[in-house]
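Thanks for asking me to look this over. Here are my notes, point by point, to read with the model open beside you.

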Amino acid sequence: MIAVFTHVGSEVPDYTKYTIKQFRHTNPDMPIYFLCNYRFCEPFRRKVRSVPDLTILPLEIYSENPTLQEFKRVSWFKSWGKPDTVYPSPDNFVQGTSERLFILNAFIKHNQFNNVWHFENDNLVYADLKNLTNNLSKDNVTICH
């Protein structure tokens with residue numbers, strides 16, 4: 001079982017370090033992967049260097065994935081711009097937040113991972129996920145909101 005957090009398109013928000021640290025606090029043995037744009041990997045790595053078993057990868061590794069490329073070709077989400085939110089959203093927010101799901105899929109398939117937990121970079125987890133797995137659906141995908 002692994003955890004994957006993603007952030008696409010802009011500098012990783014400062015609050016994300018608390019997300020990662022909280023996750024590690026409640027899940028001390030689970031490997032964590034964080035996917036973000038290459039230019040933001042090292043600055044974020046410095047913010048979370050005390051977190052053990054955290055792998056930060058540039059999402060550009062998966063940018064040539066055919067499914068992602070097809071989504072980029074047909075998507076009209078860039079025309080939505082960015083939402084007017086209290087915490088400023090980056091340009092092309094809807095496009096980026098959608099692309100991250102294709103990047104996540106490419107990451108999982110490339111690494112042949114099973115039993116993956118994916119979280120937004122602002123979700124705080126207050127439980128050890130090992131204790132929750134027996135209560136989840138036995139389907140291929142379980143979505144919580």
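**Notes on helices, salt bridges and spaces**

1. Let me begin with one side chain: Arg-45 is partly exposed, at 31% relative accessibility. Here buried means under 20% relative accessible area, exposed means over 50%, and partly exposed is in between (1.4 Å probe, protein chains only). Please keep in mind that this is a predicted model, in which local features need pLDDT of at least 70 and side-chain atom pairs count only at pLDDT 80 or more, while totals for chains, interfaces and linings use all residues. Residues are numbered from 1 along each chain as its sequence is written, and side-chain values use heavy atoms, with hydrogens and water left out.

2. Which residue does Arg-45 meet in a salt bridge? The partner is Glu-42, with 2.9 Å from N to O. A salt bridge here is a side-chain nitrogen of Lys or Arg within 4 Å of a carboxyl oxygen of Asp or Glu. Both Glu-42 and Arg-45 belong to helix H2 and are 3 residues apart, about one turn of the helix. Glu-42 is partly exposed too, with a relative accessible area of 39%. An α-helix has 3.6 residues a turn, so residues three or four places apart point the same way.

3. Now for the buried residues of H2 (residues 38–47): these are Phe-40, Cys-41 and Phe-44. They cover an arc of only 120° around the axis, which puts them on the same side of H2; the arc is that of the directions from the helix axis to the C-beta atoms. Helix H1 (16–26), strand E2 (32–36) and strand E3 (54–58) are among what covers them. Helices (H or I, at least four residues) and strands (E, at least two) are DSSP runs, numbered from the N terminus.

4. In the loop between E2 and H2 you will find Asn-37. Is Asn-37 buried or exposed? Asn-37 counts as buried, at 13% relative accessibility. Leaving aside residues up to four places away in sequence, Asn-37 touches His-7, Val-8, Gly-9, Ser-10, Leu-59 and Glu-60, where contact means heavy atoms within 4.5 Å.

5. A look at the other salt bridges: the whole structure has 7. One of them joins Glu-70 and Arg-73, whose closest N and O atoms are 2.8 Å apart. These two are 3 residues apart in helix H3 (residues 66–74), about one helical turn. Glu-70 is partly exposed at 38% relative accessibility, whereas Arg-73 is exposed, with a relative accessible area of 61%. Lys-130 and Asp-128 also meet in a salt bridge, at 4.0 Å from N to O. Asp-14, Lys-17 and Lys-47 are linked in a network of salt bridges.

6. Lys-47 turns up again in the lining of the largest cavity, along with Glu-11, Val-12, Phe-40, Pro-43 and Phe-44. About 40 Å³ of space lies in this cavity. On a 1 Å grid over the protein atoms alone, a cavity is a set of points where a 1.4 Å probe fits but cannot get out, and a pocket is an open set with protein on both sides within 12 Å along at least five of seven lines; lining residues have an atom within 4 Å of a point.

7. Finally, the second largest pocket holds about 490 Å³ of space. Of its 25 lining residues, His-7, Val-8, Ser-10, Pro-90 and Phe-93 lie nearest its centre. Helix H4 (residues 93–111) gives the largest share of this lining, 6 residues.

Terms used. Points joined across faces, edges and corners; volume = space filled by probe spheres on them.
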